[in-house]
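Have a look at the structure, then read on.

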Amino acid sequence: MGGTPAGDGDQGGDGSAVDSAPAKGQAVAQPSEAEVEIAAQRELRERIARRKAEKEGPIPAGAKLSGQAADLLAAVRAMEGGQAAPARPVAPVAAPEPAAPAVPAQNRPRAAEPAPATAPEAVAAVTAVLTGGGAPPSLAPQVTATLGERAGDALREDPWLLLSVPGVRPEQADGFARALLGDGCGPGDERRATALVGWLLERAALRGHTALTFPAVRAALAERSVPDPDQALQHAIAEGAVLVFQDGVEDAEGDTEDEAADGAADGPAVPVLLGLDRYALAEESLADGLARLVKTAQGASWDEAAAQAPSPSAAELIRAVAGHGLVVHTGGEAARAEPVALAEAVRTLGLRPVVAAHSENGRRRLGAGAVTVAGLLSGTEGPGRDADGALDLDLLLVLDAPQLDVETATVLVESLPDGARLVLSGDPGVLWSAGAGRVFTDLLAARVCPQIASRTPDPGPLGELVSGIGVGELNQVEAPGKEIVIVPVRDAGEAVHRTVQLVADSVPRAIGVPSGQTQVITVGHGGAVGTRALNTALKERLNPGPGRFGGFDPDDRVAYVPAPGRTLTGSVVSADAEGLRLDCDGVPVVVPRELVESVVRHGWALTAHQAAGMRWPAAVVVLPGDAAQALNRPWVYTAFGRGERHLSVVHGVDQALAHAVAGVPAAERTTRLRTLLEVLLTPAV
């Protein structure tokens with residue numbers, strides 16, 4: 001890696017996904033952004049369910065299964081045929097509320113809404129059960145919100161339902177169950193096994209998986225002392241707690257006997273997957289929606305527009321989109337100009353394009369007219385919806401597409417009318433979405449639509465450095481203008497000291513970038529050099545104060561997480577009876593007092609996952625010695641690519657950095673989307 005080692009004279013979070021999302025609160029004169037977004041997504045999920053129910057007939061599945069897969073599928077079909085009714089109580093699902101009308105974009109404060117109130121008697125009943133089992137009574141509102149109004153009765157009958165509450169671990173649920181049931185429970189209790197399966201899959205979703213293989217779940221159950229994991233899984237399937245899949249099983253017919261024998265130990269050659277219905281529905285609906293766009297688009301000739309494109313890559317993109325309903329576009333920061341050029345070209349043809357980015361930061365870099373994905377779905381940004389509830393557009397270009405999780409992508413695609421075109425554009429080298437799935441990567445791997453790779457490189461020393469990292473090379477790069485500076489450190493204390501010095505003094509003095517435009521990026525939230533420790537040190541130096549507003553002061557930099565996987569950066573403006581007032585990239589936001597602690601954190605330092613899809617004039621990447629095991633190529637690629645003009649690297653990992661770039665790929669995610677797309681869109685030979 002290039003750059004100049006800096007001496008003293010030259011040197012100068014988690015807003016991680018919080019398991020709370022804005023929900024409908026008290027009636028107000030106009031629906032808030034959160035209310036509109038939730039209502040719109042609820043309506044669209046209803047449409048997804050209706051579309052799947054209206055298909056002409058069931059899709060044949062499982063005819064070729066054998067062994068484990070056949071046993072599991074038999075359990076599913078027994079349940080569907082009414083031969084095995086669920087044994088545990090299920091909280092009634094409230095009927096969906098009608099969608100709120102779309103709200104035109106306005107420069108008014110956006111409010112995060114508190115969680116819906118629950119009946120006091122329901123909370124009191126849960127409190128009594130929790131107290132009887134030795135669990136903290138403070139969990140009662142969260143348990144009631146998760147399990148419904150009859151949560152007390154449900155929890156008394158099945159104490160392991162406590163595992164469905166975020167943050168509760170199996171050993172805690174086991175202790176709670178023993179306190180309530182005494183000798184009436186044990187490690188092999190079917191209720192325990194069913195709850196553990198759901199907990200394992202929810203935990204896997206936090207790591208990006210939409211499903212897990214049968215052997216992986218079986219092994220995890222065995223580690224949790226479940227005596228008969230196979231029987232436990234069959235019971236969980238019969239209970240409806242988990243679904244079983246063997247996608248692409250028809251492709252396994254050509255396997256040789258030797259290949260089949262090789263896979264016999266863990267089941268068939270095509271793996272048996274287990275998943276939660278929410279992610280199964282999302283991936284299947286997304287695949288259906290993408291196939292619909294491919295099949296309903298009408299080809300056109302835009303050769304004249306392509307001839308006027310500003311670059312050969314932009315011209316190639318215009319021609320591809322003219323003939324196809326779905327196109328994937330790849331490239332770095334400079335390549336973002338190509339989808340923008342496409343939007344300008346089709347606008348001259350009388351079509352209605354919309355360009356959407358993952359974050360406010362990304363939207364601002366695209367210029368006037370761009371929207372955020374969240375704003376587009378909520379109706380607060382963009383063209384609104386037509387009479388059928390579809391987005392009123394002809395072409396949607398989604399930049400930062402690797403940040404799309406499967407559920408957001410599903411709602412987005414289901415929002416597009418038949419005949420509309422979709423371009424997903426992004427850098428395939430960056431970290432994947434914070435939510436479950438790997439939509440962009442799966443679509444690239446499926447090869448079911450045109451893929452346009454930009455030939456426009458990112459300029460300068462930073463572009464050269466990041467491009468090398470993308471292919472596994474940590475190159476020495478000449479940086480005559482101090483575009484890249486390396487700051488060696490020996491321990492955690494020195495790493496914090498050097499980071500503060502860079503942000504507060506060295507970068508503003510030597511590079512001319514103010515402290516407020518320099519972003520610190522580190523590996524995690526905890527530890528001696530995590531976001532919490534760095535934010536504490538940076539606040540003390542850059543904006544000291546008593547934290548009079550729930551730990552915050554005016555001008556504090558913050559990371560606001562309105563929904564899991566979505567981070568907005570900004571600063572504190574003030575606070576009043578309504579809550580904490582923020583400025584998030586020019587958008588005023590009001591966070592109610594009761595939500596501040598859970599969704600707002602100091603934001604001088606972020607993780608690379610939080611920073612993905614955003615860029616700042618300068619970035620300081622902190623690599624303390626204890627971060628070595630957490631590094632991989634996508635993390636380094638993402639973190640080092642966040643600076644527009646300058647990158648400082650506080651370097652304490654020795655050769656681990658080069659090793660991560662050369663030989664540590666992204667951790668794999670188990671998903672189904674690629675196979676589903678191949679089945680739907682690959683022509684039969």
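Cys185 is buried, at 18% relative accessible area (buried means under 20%, exposed over 50%, partly exposed in between, with a 1.4 Å probe and protein chains only). This is a predicted model, where local features need pLDDT of at least 70, side-chain atom pairs count only at pLDDT 80 or more, and totals for chains, interfaces and linings use all residues. Residues are numbered from 1 along each chain as its sequence is written, and side-chain values use heavy atoms, leaving out hydrogens and water.

**Cysteines**
- Cys449 is buried too, with 13% relative accessibility.
- How many disulfides does the structure hold? The count is zero, taking a disulfide as two cysteine sulfur atoms within 2.5 Å.

**α13 and α14**
- Helix α13 (residues 312-323) and helix α14 (residues 337-348) have axes that come within 9 Å and cross at roughly 55 degrees; axes are lines fitted to C-alpha atoms over the stretch in contact, with angles from 0 to 180 degrees between N-to-C directions.
- Helices here are DSSP runs (H or I, at least four residues), numbered from the N terminus.
- The pair is therefore oblique (under 35 degrees is roughly parallel, over 145 roughly antiparallel, 65 to 115 roughly perpendicular, and the rest oblique).
- Ser313, Ala314, Leu317, Ile318 and Val321 of α13 touch Glu338, Pro339, Ala341, Leu342 and Ala345 of α14, contact being heavy atoms within 4.5 Å.

**α18 and α26**
- The axes of α18 (residues 439-446) and α26 (residues 673-681) come within 8 Å, crossing at roughly 40 degrees.
- That makes α18 oblique to α26.
- Val439, Asp442, Leu443, Ala445 and Ala446 in α18 meet Leu673, Arg674, Leu677 and Glu678 in α26.

How values were computed
Helices (H or I, at least four residues) and strands (E, at least two) are DSSP runs, numbered from the N terminus.
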